[in-house]
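Let's take a walk through a structure together, moving from the overall picture to a few individual residues. Please keep the model open beside the text.

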Amino acid sequence: MSGKVLSVASVICLFLFIASEVQAQEILLEGPLAGAPAVRKLKLYRDGRFHVGPAFAITILDDYRQHFLMGLKLGYDFLDWLGVGAVGQYALGWNTPMTDHIVDYQNKGLQPTTSNFPAYTGDVENQIGKLQFFTAIQVNFTPLRGKIGLFESVFTALDAQIFLGLGIAGVEERASCSNADGRSECGSVNRNQGTITNVNMDTQSRVAFGPTFGVAFTGYINDWMSLAMEYRATPFPWNISGTDERGSSGFEDDVNRVPKQDGGDFPDLEIDSEDQIWYFNHMIGLSYVFIFPLTPDIDE
Amino acid sequence: MNRGKNLLWLMCVLGAAACLFSAGVTAQEADMTFGVDETEQPAEEPVESEQVFADEEMGATDEDVLSSLGIEEEGGEAPEEGEAAPKKEPGVEKGEHPIWAVQQIYAVKGGRFELMPFYGISMNDPYIVHSCFGVGLNYYITEVLALGVNFLWFQGFNADTDTMFHVGRSYRLAVPVNEYQLNANLNFSYVPLYGKFALFNEWIVHWDAWIIGGVGLMRTKPVPMIDPDIRSFDWNNLLSFNVGIGGRIFLSRFLAVFLEIRDYMFMEKVENQAVQNEDNPNDENWPNDSANWYGPDVFTSNVMVHAGVSIFIPFTFDYELTK
């Protein structure tokens with residue numbers, strides 16, 4: 001009881017206590033196992049082996065549209081802790097609750113006005129950006145090898161990876177158009193009558209590049225099958241909302257509301273590359289891979 | 001007097017014996033002595049126990065160890081024709097049972113309190129980021145089951161997102177949003193996963209993962225967005241439920257860092273998106289009636305990520321060896 005009371009009273013001196021204690025793994029620093037490796041007869045699940053299998057992913061933290069990706073994952077590991085890999089996936093998408101909320105009001109009569117056109121076309125589902133496909137070429141680094149016990153009865157090998165590479169995404173965005181300087185590429189606006197006609201609903205596809213990185217945990221079902229779960233981020237800029245977000249720092253003509261074209265953070269009556277905003281494009285993935293050759297080597 | 005002195009001496013001897021046999025037994029403290037020469041020279045016979053255990057766990061051997069023990073116990077039956085001779089454990093003679101060294105649990109949790117200060121942030125609200133500072137306190141009834149409470153403080157840390165600004169500017173659409181104040185919960189935790197990683201085959205890192213669920217109180221209020229000139233709101237007490245998963249990595253026998261994903265669910269009271277009586281638009285009293293300021297309750301799933309440290313109290317523990 002006195003020991004517990006002293007322990008509670010010592011919380012304030014926690015860091016001093018840490019400094020004075022010999023930390024984890026003291027048996028590896030002193031005693032008969034000093035200098036011994038952490039594991040003997042380590043099964044080298046990746047060293048010199050190919051892996052291939054189906055890979056699925058879902059985007060998370062999306063504002064306007066969420067996507068499900070399915071495809072293939074393959075790779076080769078030069079060493080048990082270093083390898084290269086690639087992923088290729090096709091994307092299917094659906095609206096987020098926020099987009100559905102805007103669509104609800106659109107159906108109730110929310111239409112673009114002369115003050116928010118061409119940012120809003122009157123058809124939000126068509127103007128928002130969509131992910132079409134995703135590929136990645138990456139280097140895989142596996143610093144952590146270990147095992148896991150489930151319910152103290154099921155044991156399997158588990159490792160943790162960090163990967164870094166190049167992400168290539170096919171995106172479909174609202175087509176570039178301009179209503180600046182008297183043009184009507186996005187649609188015809190009659191400010192006197194307050195009407196908007198001939199709205200341009202075209203979309204265009206392009207390929208976006210960006211770094212891709214993340215972490216993965218792989219559990220080995222047996223010597224030649226594994227199940228991996230990963231978190232991936234692939235930041236790149238794209239106009240996911242299809243709106244006019246940037247290009248001007250203010251109005252050069254306040255009466256007629258003619259914006260400056262100087263690259264500011266306000267709408268400039270143009271849908272172009274300046275409206276592409278950086279998004280992290282988070283994904284959670286699951287893959288089931290087969291490893292060849294079927295039998296791994298065993299370390300000394 | 002003599003009886004009292006003898007009794008006192010007996011108590012001292014018993015007390016000293018208890019201290020010697022109990023206080024000295026802690027996890028990973030081997031009661032062995034080795035000379036320097038013994039540790040530097042290779043063993044005359046290979047160290048099978050740990051090696052065999054590692055082999056068995058990694059599945060490197062093909063035969064079942066228990067069946068091999070059975071063969072030896074039965075007097076070493078000769079293998080049938082065409083069948084390979086059973087592998088003999090090196091150094092294990094007929095009739096002998098090998099001894100495996102099993103590493104004790106690095107950080108025993110049973111019977112200890114866990115103090116968990118953390119920072120949390122919401123993940124699935126596109127309009128407002130709900131950040132919080134919180135603390136949790138758990139008591140581990142067993143090694144895998146814990147009962148605890150946690151407290152989250154949000155007020156002052158709610159922030160508008162860029163998305164809310166862009167939606168308002170581009171679509172001219174006001175979105176009902178809510179501000180959070182606090183959340184307090186009673187929780188049950190279960191730790192089904194325990195594992196360890198070898199870092200570059202040099203260091204061993206112990207970790208575990210848990211699932212958690214509980215019930216509690218959530219205090220929120222709407223932020224007047226639809227009709228801010230007239231409407232004002234007070235904090236509402238809401239019943240909330242939560243489920244989550246988490247994992248921690250042990251830095252020492254009493255200190256760990258953790259990451260947790262928790263979904264707090266409750267029926268949110270949101271601002272009424274109507275600003276007039278739809279049945280009678282000329283009703284001038286309708287906007288000023290506070291009974292009309294709330295819309296239908298909305299089921300809200302607030303997914304939070306918590307990151308913090310776990311401090312186990314008491315800092316040390318006695319590992320009870322099985323007899």
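A word on conventions: residues are numbered from 1 along each chain as its sequence is written, and chains are lettered from A and ligands numbered from 1 in the order in which they are written. This is a predicted model, so local features need pLDDT of at least 70 and side-chain atom pairs count only at pLDDT 80 or more, while totals for chains, interfaces and linings use all residues. The model scores ipTM 0.78 and pTM 0.74.

Let's begin with the two chains. Chain A holds 5 helices and 20 strands; here helices (H or I, at least four residues) and strands (E, at least two) are DSSP runs, numbered from the N terminus. Of the 300 residues in chain A, 33% are buried, a label for residues with 20 or more other C-beta atoms within 10 Å of their own, where 12 or fewer means exposed, anything in between means partly exposed, and C-beta atoms are placed from the backbone. Among the contacts in chain A with a separation of 6 or more, 67% join residues 24 or more positions apart; a contact needs C-beta atoms, placed from the backbone, within 7 Å.

Chain B has 5 helices and 9 strands, and its elements run α-α-α-α-β-β-β-β-α-β-β-β-β-β from the N terminus on. Its 323 residues are 24% buried. In chain B, residues 24 or more positions apart make up 66% of the contacts with a separation of 6 or more.

How confident is the predictor in chain B? The mean pLDDT (the predictor's confidence in each residue, from 0 to 100) is 77 for chain B, with 67% of its residues at 70 or more.

Now follow the strands of chain B. Strand β5(B), residues 177-199, pairs with β6(B), residues 203-223, in the antiparallel sense over 20 bridges; strands count as paired if DSSP finds at least two bridges between them. Along this pair, L182(B) stands opposite R219(B). The hairpin of β5(B) and β6(B) has 3 residues between the strands, and F200(B) takes a positive phi near 55 degrees there. β6(B) also pairs with β7(B), residues 236-250, in the antiparallel sense over 14 bridges, with T220(B) opposite N236(B).

Where do the nonpolar residues gather? A nonpolar core is a set of buried Ala, Val, Leu, Ile, Met, Phe, Trp, Tyr and Cys residues joined through C-beta atoms within 7 Å. The largest one has 26 residues, of which F117(A), L131(A) and F134(A) touch the most other members. At least two residues of this core come from each of β2, β4, β5 and β6 of chain A and α5 of chain B. Apart from it lies another core, of 13 residues, among them L144(A), F254(B), F258(B) and F312(B).

Finally, visit K260(A), in the loop between β15 and β16 of chain A. Why is K260(A) partly exposed? Because it has 16 C-beta neighbours inside 10 Å. Leaving out residues up to four places away in sequence, K260(A) touches S248(A), S249(A), G250(A), F251(A) and E252(A).

Definitions and conventions
Two residues are in contact if their C-beta atoms, placed from the backbone, lie within 7 Å.
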